[in-house]
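The sequence and structure come first, and the description follows.

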Amino acid sequence: MVAGGAGGVSALLMKKAFDLEYWAKLKNMGGNAGRIANKTGVSYDQQNQFANPLLRYDVFIMGRGIIAGCIMVAAPSIYYKIWISLILGAIGGIVCTGIAYGLHKGKLDDPLMVFEVHGIPAALSLVLIVLFH
């Protein structure tokens, strides 16, 4: 449960960091997109090339981070202390959000988001078990 909570919070923070980067790009652009960002503070203008790939609701991103955090400690969880579960859960949430951002920017489709939520955290947990066991 600790790993899931850490994964959810870290995924949400990673999404907010991507949003800040997107807002900065949008405000630096001239024309209509820059005016939209400066007046309303809303950065979701799908008409330009910097359309935010993580436009989905924050609750879903946090939910995917929770699942990724739980996947990170699922296999060898009996051996992990709570602080290790916290670290691995946070890593799972960050990796899940980063992979989702990269796949969307690369125009690769994963409609069910199984690869970034289950695949990458599971493979990463098998590698990181060597460090934390």
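## Helices and buried residues

Helix H4 (residues 82-105) has 24 residues, which should span 34 Å at 1.5 Å a residue, and its end C-alpha atoms are 35 Å apart, which agrees. The expected span of a helix is 1.5 Å times one less than its number of residues. Helices (H or I, at least four residues) and strands (E, at least two) are DSSP runs, numbered from the N terminus.

This is a predicted model, in which local features need pLDDT of at least 70 and side-chain atom pairs count only at pLDDT 80 or more, while totals for chains, interfaces and linings use all residues. Residues are numbered from 1 along each chain as its sequence is written, and side-chain values use heavy atoms, with hydrogens and water left out.

The chain contains 5 helices and 0 strands, in the order α-α-α-α-α along the sequence. Of its 133 residues, 35% count as buried. Here buried means under 20% relative accessible area, exposed over 50%, and partly exposed in between (1.4 Å probe, protein chains only). The accessible surface of the chain is about 7,700 Å², with 70% of it belonging to carbon and sulfur atoms; accessible areas come from the Shrake-Rupley method with a 1.4 Å probe, and for residues only the protein chains shown count as cover.

The buried residues of H4 include Ile-84, Ser-85, Leu-88, Gly-89 and Cys-96. After H4 comes Lys-107, with a positive phi near 60 degrees.

Helix H3 (residues 58-72) has 15 residues and reaches 21 Å between its first and last C-alpha, close to the 21 Å expected at 1.5 Å a residue. Ile-61, Arg-64, Gly-65, Ala-68, Gly-69 and Met-72 are its buried residues. These lie on the same side of H3 because they cover an arc of only 140 degrees around the axis, the arc being that of the directions from the helix axis to the C-beta atoms. Val-59 and Phe-60, on the other side of H3, are exposed.

## Core and contacts

The largest nonpolar core has 7 residues: Ala-3, Met-72, Val-73, Tyr-80, Ile-84, Leu-88 and Leu-128. A nonpolar core is a set of buried Ala, Val, Leu, Ile, Met, Phe, Trp, Tyr and Cys residues joined through side-chain atoms within 4.5 Å.

Contact means heavy atoms within 4.5 Å. Apart from its neighbours within four places in sequence, Ala-3 is in contact with Gly-69, Cys-70, Val-73, Ser-85 and Gly-89.

Leu-12 lies in helix H1 (residues 2-28) and touches Asp-58 and Met-62, not counting residues up to four places away in sequence. Of the contacts in the chain with a separation of 6 or more, 68% are between residues 24 or more positions apart.

## Accessibility of selected residues

| Residue | Relative accessibility | Class |
|---|---|---|
| Cys-96 | 2% | buried |
| Ser-125 | 3% | buried |
| Leu-12 | 23% | partly exposed |
| Cys-70 | 37% | partly exposed |
| Leu-126 | 57% | exposed |

The structure holds 0 disulfides, a disulfide being a pair of cysteine sulfur atoms within 2.5 Å.
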